[in-house]
Amino acid sequence: MDLDFSADQRDFRDQVRTWLHENKPRDERPRAAAGIREYDLAWQRTQFEGGWAGISWPTEYGGRGLSLIDQLIWFEEYGRAGLPSVDANFVGLNHAGPTLMTRARDEQKAQHLRPILAGEVVWCQGFSEPGAGSDLASLSARAEIDGDELVVSGQKIWTSFAHVADWQELLVRTSRTGSKHQGITWVICDMHSPGIDVRPIRTMDGEAEFCEVFYDEVRIPLSSVVGDVDQGWSVAMSTLSFERGTAFTAGQVRLASTVEQLIELARERTGPDGRRPAIADDELARRLATARAEVAALRAMTYVGISRSARTGTPGPEGSIVKLYYSEMVKQVARLAMDILGPDGLRYVSRWIPGGWSGNYLYSYSQTIGGGTSEVQRNIIGDRILGLPR
Amino acid sequence: MDLLPSADQQDVVRAAADFLAQEMPRDRIRQREAEASSVDAAAWTGCADLGLFGLSVPEELGGAGFGVEEEALLFRELGRHVAPGPFLSTVLAAQLAVAIGDADLVASIVAGKTTVGLAALRAGSTVDEDRVRGDLDLIDAVEAPLVLLLGPAGAALVETGQLGAVQTVPSIDPGVRLATATGVDAPVSAWLPAATRPLYLRGLVLAAALLVGIAEACRDASTEYAKTREQFGRPIGVNQAVKHRCADMAVQAELGMAQLYFAAVSLASGRPDAELQARTAKVVAAHAATVNAASNVQVHGGMGYTWENDAHLFVKRVEVLENLLGGRTEHLAEIVALPAPQ
Ligand SMILES: Cc1cc2nc3c(=O)[nH]c(=O)nc-3n(C[C@H](O)[C@H](O)[C@H](O)COP(=O)(O)OP(=O)(O)OC[C@H]3O[C@@H](n4cnc5c(N)ncnc54)[C@H](O)[C@@H]3O)c2cc1C
């Protein structure tokens with residue numbers, strides 16, 4: 001039981017901090033799709049060229065080949081520097097990349113992994129469908145095998161960044177016999193293929209980050225299947241445990257910084273009585289203190305999770321505990337900001353702009369839905385961690 | 001960085017866990033309800049024989065030489081078993097005795113011969129290096145020759161006999177004996193300034209450990225019941241109203257445990273934010289234990305409301321611990337005022 005970082009790790013932290021400070025993007029993130037793509041990829045390229053992409057990815061794929069602890073240090077400094085979340089690169093770096101590393105064939109790895117790190121391509125995740133959200137295994141986008149190709153027809157929805165993506169991790173149904181978990185195939189889909197129609201959906205914060213995607217006899221080579229045909233469910237599950245395991249670390253550090261910013265804000269702003277600072281209000285002070293305590297404990301829980309993964313080698317179902325608690329906390333903190341702002345919170349400011357508390361508040365609603373809803377996380381905790389009957 | 005206990009650290013507490021399961025089953029609390037002391041002498045001596053009171057006492061003074069991390073693991077087990085007896089004040093007093101170099105007192109505590117109760121100051125009461133004055137709440141102190149006081153300036157030991165008339169008070173918790181002493185003006189027999197060794201923060205971490213143990217025991221009791229109790233022809237745990245309650249209990253227990261480890265290591269390694277981490281550990285663990293204990297009653301239905309079921313023992317001990325060494329409101333006020341965590 002220790003919190004010691006070795007001399008090398010402390011050195012590494014200093015280097016990360018310095019590099020991020022010197023190289024972080026200085027311009028505001030654009031709002032339009034094309035601009036977002038360019039901005040996110042350019043930033044990823046800068047990291048890659050500086051030798052900072054994929055800290056814990058093996059060197060053969062262009063990563064640094066360092067430990068999970070070094071990865072943690074990177075995420076901590078990244079979050080602390082107030083840097084933009086990796087949005088358009090999220091799926092590549094945190095779902096598709098790790099899944100390909102553990103499940104793909106060598107040629108597939110050789111083709112796809114380095115471009116993700118190098119900031120050359122955007123990936124998206126085509127899992128959810130209109131009829132298959134929480135019940136992902138009931139998905140029905142159909143794929144017929146025709147020679148050495150899969151022919152895909154159907155629809156996906158809520159696909160983040162599909163409108164700017166080059167590749168997609170796509171789940172399709174290749175067989176209808178057996179249980180619904182059988183007959184699913186995990187395939188790499190080229191988003192520039194003929195027959196794909198992407199339509200952005202406007203979200204409640206007014207932005208458009210996810211899309212509907214329609215597939216009309218889209219041809220995908222069978223060589224793009226990861227794992228075996230009909231065996232994609234287990235591949236998909238490994239993706240999800242990566243998503244729930246380590247992918248939220250930077251977000252957690254950012255959340256801790258947000259709480260500190262709120263404490264500052266409450267010291268500066270006049271509170272609800274119109275005279276004293278907001279922090280002098282007992283209720284607000286207590287909620288800020290609770291938030292500070294809870295994000296501290298959230299960090300401890302992240303450290304426990306990383307310690308556990310370092311021992312076992314793979315992220316376990318405990319990631320669902322972190323995901324559930326983290327996403328519920330994001331909402332609470334965003335709500336708290338609105339209560340500190342009072343009527344000033346009515347002015348809409350995008351979450352991409354400093355002081356974008358109202359935009360952040362609206363965005364926070366997505367956090368307990370995307371990546372599996374809180375209810376689904378509770379099911380997973382009950383079934384897989386506690387072993388309760390189904 | 002590895003925040004989980006090592007195999008060695010787990011071994012340290014395994015023997016204690018086995019002993020507690022055998023010799024201090026929760027049912028013993030009910031059996032001893034009418035006794036003056038909540039803990040029987042044989043069990044206390046058994047704990048001493050296992051070295052539980054000297055776990056973090058240096059080896060040259062007859063202890064095992066471990067630190068607050070291992071002690072926290074032990075206290076988590078004590079919490080799980082809702083172990084009766086003044087463990088917290090006794091091991092803190094051993095630390096005090098070590099710090100002031102009173103080898104005889106250390107030896108006597110480690111051997112299980114001297115137990116130390118806890119005394120809490122009511123508002124307006126004071127303790128300094130010479131005297132304690134005012135009104136005190138006494139926890140498991142009546143049978144103990146000494147009481148420990150943790151004030152803002154430091155920690156004091158006072159002879160129980162010097163407190164004057166002590167009134168026993170019926171206790172909400174059948175495993176904890178309560179009393180009060182009013183108008184006390186008694187000499188302090190040993191004093192450790194807070195600046196020398198933060199005994200109070202150590203107390204917070206150990207109290208958090210007791211609470212984490214309770215939060216975990218409640219999660220386990222509810223999960224077990226949800227798997228076995230059947231209604232409408234199937235186990236109640238298939239219903240999400242029950243399942244999700246259990247899942248939330250698992251989240252709370254994990255959170256409390258993680259922060260406990262973080263705080264214990266922070267204290268042991270002298271991190272600058274140790275105070276914030278320790279207070280946070282107490283607040284988070286108390287919340288976890290409070291909601292888990294309440295949920296555990298609900299999951300057990302009518303059975304959860306009985307004297308026979310252990311659910312009430314958890315509820316009651318949580319209440320005692322929440323009020324020990326400062327409650328939620330007090331800690332939150334400090335947490336928001338302290339510098340940001342490191
Ligand atoms: C911002 C955002 C980005 C997203 N990005 C992507 C993406 O890139 N790719 C992708 O594939 N998907 C993406 N999603 C989709 C996301 O994974 C789904 O929205 C989510 O899994 C829930 O599915 P659903 O929307 O169909 O809701 P439903 O499953 O219909 O759920 C509706 C409500 O019912 C509850 N519910 C459903 N089943 C149960 C059950 N068994 N027990 C208890 N409660 C239940 C849910 O918790 C929820 O409250 C994104 C979603 C959001 C909000």
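These legends walk through several close-up views of a predicted model with chains A and B and a ligand.

**Before you look: how to read the views.** Residues count from 1 along each chain as its sequence is written, while chains are lettered from A and ligands numbered from 1 in the order in which they are written. Because this is a predicted model, local features need pLDDT of at least 70 and side-chain atom pairs count only at pLDDT 80 or more, whereas totals for chains, interfaces and linings use all residues; side-chain values use heavy atoms, with hydrogens and water left out.

View 1. Chain B has an average pLDDT of 96, and 100% of its residues score at least 70; pLDDT is the predictor's confidence in each residue, from 0 to 100.

**View 2. The residues around the ligand.** There are 18 residues around the ligand, and A:Gln125, A:Ser134, A:Trp158, A:Thr373 and B:Gln240 come nearest. A residue is near the ligand if one of its heavy atoms lies within 4 Å of it. Both chains A and B surround the ligand, so the site is shared between chains. Sorted by class, the shell has twelve polar, four nonpolar and two charged residues (Ala, Val, Leu, Ile, Met, Phe, Trp, Tyr, Cys and Pro count as nonpolar, Asp, Glu, Lys and Arg as charged, and the others, Gly among them, as polar).

View 3. A polar contact here is a pair of N or O atoms within 3.5 Å. A backbone N or O atom of A:Gln125 sits 2.7 Å from a nitrogen atom of the ligand, and one of A:Trp158 sits 2.9 Å from a ligand nitrogen atom. A:Asn379 uses a polar side-chain atom, 3.4 Å from a nitrogen atom of the ligand. On its own the ligand exposes 960 Å², and the protein buries 66% of that (Shrake-Rupley method, 1.4 Å probe).

View 4. Strand 3 (149-160) and helix 11 (374-385) of chain A each give at least two residues to the shell, and strand 3 of chain A has the largest share, three residues. Helices (H or I, at least four residues) and strands (E, at least two) are DSSP runs, numbered from the N terminus. Domain 2 (123-231) and domain 3 (244-385) of chain A each supply at least three shell residues; domain bounds come from an automatic or database domain assignment.

**View 5. Two domains of chain B.** Chain B is assigned domain 1 (7-193) and domain 2 (199-337). Their C-alpha centres lie 22 Å apart. In chain B, 34 residues of domain 1 are in contact with 36 residues of domain 2 (heavy atoms within 4.5 Å).

How values were computed:
A polar contact is a pair of N or O atoms within 3.5 Å; within protein, one must be able to donate a hydrogen and the other to accept it, and residues adjacent in sequence count only if both atoms are side-chain atoms.
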